[in-house]
Amino acid sequence: MKWLIIALLAAVALLLWRMSAFANRNLPKAGDTAPDFTLPDQNWKVRSLSDFGEKWLVLYFFPRADTPG
(Lines give C-alpha, C1' and ligand atoms only; values in the text may rest on other atoms or scores of the structure.)
Protein backbone atom coordinates (compact mmCIF):
# COMPACT_ATOMS: atom_id res chain seq x y z
CA MET A 1 0.00 0.00 0.00
CA LYS A 2 2.83 2.39 0.87
CA TRP A 3 4.47 1.87 -2.54
CA LEU A 4 1.17 2.45 -4.31
CA ILE A 5 0.77 5.84 -2.61
CA ILE A 6 4.38 6.77 -3.45
CA ALA A 7 3.87 5.75 -7.09
CA LEU A 8 0.63 7.74 -7.25
CA LEU A 9 2.28 10.85 -5.83
CA ALA A 10 5.19 10.50 -8.24
CA ALA A 11 2.78 10.14 -11.16
CA VAL A 12 0.86 13.25 -10.11
CA ALA A 13 4.12 15.21 -9.69
CA LEU A 14 5.29 14.10 -13.15
CA LEU A 15 1.95 15.04 -14.69
CA LEU A 16 2.01 18.50 -13.12
CA TRP A 17 5.60 19.03 -14.25
CA ARG A 18 4.75 18.03 -17.83
CA MET A 19 1.67 20.25 -17.88
CA SER A 20 3.64 23.28 -16.71
CA ALA A 21 6.41 22.61 -19.24
CA PHE A 22 3.81 22.31 -22.03
CA ALA A 23 1.99 25.48 -20.98
CA ASN A 24 5.17 27.58 -20.88
CA ARG A 25 6.67 26.62 -24.21
CA ASN A 26 6.53 29.04 -27.12
CA LEU A 27 5.47 31.94 -24.94
CA PRO A 28 6.96 35.30 -25.88
CA LYS A 29 9.35 36.91 -23.46
CA ALA A 30 9.45 40.57 -22.51
CA GLY A 31 11.02 42.56 -25.33
CA ASP A 32 10.30 39.98 -28.05
CA THR A 33 8.91 41.22 -31.35
CA ALA A 34 5.29 40.25 -31.83
CA PRO A 35 4.60 37.83 -34.66
CA ASP A 36 2.43 39.13 -37.48
CA PHE A 37 -1.26 38.34 -37.03
CA THR A 38 -4.58 39.00 -38.72
CA LEU A 39 -7.64 39.43 -36.50
CA PRO A 40 -10.96 41.27 -36.60
CA ASP A 41 -11.22 44.44 -34.53
CA GLN A 42 -14.25 45.56 -32.49
CA ASN A 43 -15.97 46.67 -35.71
CA TRP A 44 -15.17 43.36 -37.45
CA LYS A 45 -12.67 45.03 -39.78
CA VAL A 46 -9.77 42.65 -40.35
CA ARG A 47 -6.50 44.12 -39.11
CA SER A 48 -2.90 42.92 -39.28
CA LEU A 49 0.06 43.93 -37.19
CA SER A 50 1.79 44.99 -40.40
CA ASP A 51 -1.02 47.55 -40.99
CA PHE A 52 0.39 49.67 -38.18
CA GLY A 53 3.96 49.83 -39.49
CA GLU A 54 6.41 51.24 -36.96
CA LYS A 55 3.72 52.83 -34.77
CA TRP A 56 3.39 51.82 -31.14
CA LEU A 57 0.54 49.41 -30.62
CA VAL A 58 -0.99 48.02 -27.46
CA LEU A 59 -2.74 44.67 -27.63
CA TYR A 60 -4.85 43.67 -24.70
CA PHE A 61 -5.96 40.10 -24.23
CA PHE A 62 -8.15 39.20 -21.33
CA PRO A 63 -9.01 35.73 -20.16
CA ARG A 64 -12.50 34.40 -19.90
CA ALA A 65 -14.27 36.92 -22.08
CA ASP A 66 -17.97 37.32 -21.32
CA THR A 67 -17.68 35.55 -17.98
CA PRO A 68 -18.06 36.96 -14.49
CA GLY A 69 -14.88 37.72 -12.58
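Me: Where in this predicted model does Leu16 lie?
Reply: In this predicted model, Leu16 is part of helix 1, which covers residues 2-24.

Me: Why is Leu16 called exposed?
Reply: The relative accessible area of Leu16 is 51%, and exposed is the word for values over 50%, so Leu16 is classed as exposed.

Me: What makes Leu16 a member of a nonpolar patch on the surface?
Reply: Leu16 forms this patch together with Leu8, Val12, Leu15 and Met19, and the accessible area of these residues together is about 500 Å².

Me: Why does Ser48 count as buried?
Reply: Ser48 has a relative accessibility of 14%, while the cut-off for a buried residue is under 20%, and therefore Ser48 falls in the buried class.

Me: Where does Ser48 lie, and which residues does Ser48 touch?
Reply: Ser48 belongs to strand 2, made of residues 46-48. Leaving aside residues up to four places away in sequence, Ser48 is in contact with Asp36, Phe37 and Thr38.

Me: How do the elements of the chain run from the N terminus on, and how much of the chain is made up of buried residues?
Reply: The order is α-β-β, with 1 helix and 2 strands in the chain. Of the 69 residues, 4% are buried, and the accessible surface of the chain comes to about 7300 Å², with carbon and sulfur atoms accounting for 65% of that surface.

Key
Residues are numbered from 1 along each chain as its sequence is written. This is a predicted model: local features need pLDDT of at least 70, side-chain atom pairs count only at pLDDT 80 or more; totals for chains, interfaces and linings use all residues. Side-chain values use heavy atoms; hydrogens and water are left out. Helices (H or I, at least four residues) and strands (E, at least two) are DSSP runs, numbered from the N terminus. Buried means under 20% relative accessible area, exposed over 50%, partly exposed in between (1.4 Å probe, protein chains only). Contact means heavy atoms within 4.5 Å. Patches are made of residues with over 30% relative accessible area and no salt bridge: like charges are joined within 9 Å, nonpolar side chains (Val, Leu, Ile, Met, Phe, Trp, Tyr) within 5 Å. Accessible areas come from the Shrake-Rupley method with a 1.4 Å probe; for residues, only the protein chains shown count as cover. A salt bridge is a side-chain nitrogen of Lys or Arg within 4 Å of a carboxyl oxygen of Asp or Glu.
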